[in-house]
Amino acid sequence: MSTLLVIESAMAGLVIGRGGATIKSIQNDSGAMVKLLNGDTADTRNVTIIGSEEAQRLARGMVEKIVGKVLRSETNTTPPPPPRQQSRGRGRGGAWRSRPRRTASPVETISISDEAWEEVLRENKQMELEMLQSLPPIVKDFYVEHNQVKAMSDEEVQSFRTSQNDITVQYVDGAECVRPIPKPIKTFEHAFSSFPDIIKVIKKQKFTTPSPIQCQAWPIIMSGHDLIAIAQTGTGKTLAYILPALIHLRKQPTPRKERIGPSVVIMGPTRELVLQIHDEITKYLHDNIKVVCVYGGGVSAQDHQKLLEDEKPDIVVATPGRLNDLIGIQAVKLEHVSYLVLDEADRMLDMGFKNQIELSLRHVRPDKQTILTSATWPEAVKNLAKYFAKNPLHITVGSLDLSTVNTVTQKIIMLKEHQKEAWLDDFISNNLSKDDKIIIFMRKKSSVDKMYEHFNKKNIECRCIHGGRIQADREGSLADMRNGVVSILIATDVASRGIDIHDITLVINYDFPVNIEEYVHRVGRTGRAGKTGSAITLFSNYDKFNASPLIGVLEKSKQPIPPELYKMASQ
């Protein structure tokens, strides 16, 4: 059984993706074999799907989401020929017959000629031009350089960047350096003196100075550049793109009431992160700007559809899966999105959202402004940046090597697994002050539930959060921590990224995480927004395979290292 889909040749490039990435993803995610062949006419292509009925259904749905309209579809229900019967006994004359050895099937390849591929690229470029001609113009450069910034010499600029946690700024490899890199700002007035409404909302939050990434990101974004910002959590990345977004959507030549759908889309990996981003944005809203947050779990796509229809938001903050759902039921139009943010892109890719991101964002105009943030810079994030950003500037705050923020004091305690619970009981009873607010990280959901019950029996007020709890419980636990109802949160790594509880004083790694990257993100829950914090890690022989990478992080962060950890790493 196989399925044939006939599509417009102009859509072939979208199905294939860069370097065959999209068609490979369709095959991997559906389990079907997908082949793209020349069609019966010059303006069509044939997509052949082979596999189980369910695999074909999944692959067909993915292709239809990409192309939007299928010209014709056919299902070939001819069953495969029955297997040839082989005798298991002796042949004539009593001799054993050897079964012929099966040869391996040849590896399937995408059958499209170089000429056809060039034609696909030309047609895609023509489609982009036609799409842009049908859309209203956008403006991305609003920056007015302050006289004090303009007066900074190259030496002063470099000295300031070095003092701000060693900021580096450059165009990505292969980009065309068509404009000078904007100089960093030192004060809020340097960045927003031309935007008094923004200055007013900043003053309400009682900030004193911009963070290092804000100093360099604001002039870059407001000058209209695409931006890739690499920095650890707790460095002010969210505000770095929020304030320029508010200016961007207000300054577009098309009046807001005439735009179809949102002007700004911000994508994040988890419900907790997009809710946090939404809450942060609401602190700075003015001029009747509206924002809506959509995410999977807890709220149906239909409820979010009604919310979007009622609110008609200027900004949509979304998880990739839910945004894809809403596009599929035509609940949101992205054609007028001119400002796109992919926040914590590395985490989104780690969670397998690459397909949903690409499917959703093919609806966004190609000349949009793109901001991508990430804590790390692996090859997968580089490829995502190449796909969505045009001639971007690349900011790195600190080193690209894994290291924790310098506002966190780290302590490693070496003990046996069975000693951990007694150590924690003693620490909670004798070492916590009334001002402490802590997160205890554990590896398993069952361990979190068990520790939560253990604390309750001891009348220790706490909350817990992991992926198995319903959304309302997770949000309630976070709210109780933020509002000071409790001061202890027990969590799995679902909470180690994106959750922003500003006044966490201590992180306890009861169980070491699955890799060193998650250790860095866990520790990054404290020491945020210029405050100091502490992290205590209980390390046993069970964790010995992480001894070497942990030593590397501690050395880079200039933290004390127990002799036993060195010994364990050398074994």
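Helices (H or I, at least four residues) and strands (E, at least two) are DSSP runs, numbered from the N terminus. The model is predicted, with local features requiring pLDDT of at least 70, side-chain atom pairs counting only at pLDDT 80 or more, and totals for chains, interfaces and linings using all residues. Residues are numbered from 1 along each chain as its sequence is written, and side-chain values use heavy atoms, with hydrogens and water left out.

**View 1. The protein contains 22 helices and 18 strands.** Of its 571 residues, 51% are buried; buried means under 20% relative accessible area, exposed over 50%, and partly exposed in between (1.4 Å probe, protein chains only). The accessible surface is about 27,900 Å², and carbon and sulfur atoms supply 50% of that area. These areas come from the Shrake-Rupley method with a 1.4 Å probe, and for residues only the protein chains shown count as cover. Among contacts (heavy atoms within 4.5 Å) with a separation of 6 or more, 76% join residues 24 or more positions apart.

**View 2. Helix α18 comprises residues 445-457.** Its 13 residues should span 18 Å at 1.5 Å a residue, in agreement with the 19 Å between its end C-alpha atoms; the expected span is 1.5 Å times one less than the number of residues. The buried residues of α18 are V448, M451, H454 and F455. Seen down the helix axis, they fall within an arc of 125 degrees and so line one face of α18; the arc is that of the directions from the axis to the C-beta atoms. The exposed residues K450 and K457 are carried on the face turned away from this buried side. Packing of the buried residues involves α17 (420-430), β14 (438-441), β15 (463-465) and β16 (488-491). After α18 comes N459, with a positive phi near 60 degrees.

**View 3. Helix α9 (residues 212-222) is mostly covered.** Ten of its eleven residues are buried, among them C215, W218, P219 and M222. The helix is followed by G224, which has a positive phi near 95 degrees.

**View 4. F188 and W218 form a tilted aromatic pair.** Rings of Phe, Tyr and Trp (its six-membered ring) pair if their centres lie within 6.5 Å, and planes under 30 degrees apart count as stacked, over 60 as edge-to-face and the rest as tilted. By this rule there are six aromatic pairs. The rings of F188 and W218 are 5.9 Å apart, centre to centre, with 45 degrees between their planes. F188 belongs to helix α7 (residues 188-192) and W218 to helix α9, so the pair ties together parts 30 residues apart in sequence. Both partners are buried, F188 at 6% relative accessibility and W218 at a relative accessible area of 0%. Ring pairs link F188, F192 and W218 into a cluster.

**View 5. W423 and F427 both lie in helix α17.** Their ring centres are 5.0 Å apart and their planes meet at 15 degrees, so the pair is stacked. The two residues are four apart, about one turn of the helix, and both W423 and F427 are buried.

**View 6. K420 lies over the face of Y510.** The distance from the ring centre is 5.6 Å. A charge sits over a ring if NZ of Lys or CZ of Arg is within 6 Å of the ring centre and within 35 degrees of the ring normal.

**View 7. M1 is placed in the segment before β1 (2-8).** This residue is partly exposed, with a relative accessible area of 42%. M1 and N76 are separated by 75 residues in sequence, and their C-alpha atoms are 5.4 Å apart in space.
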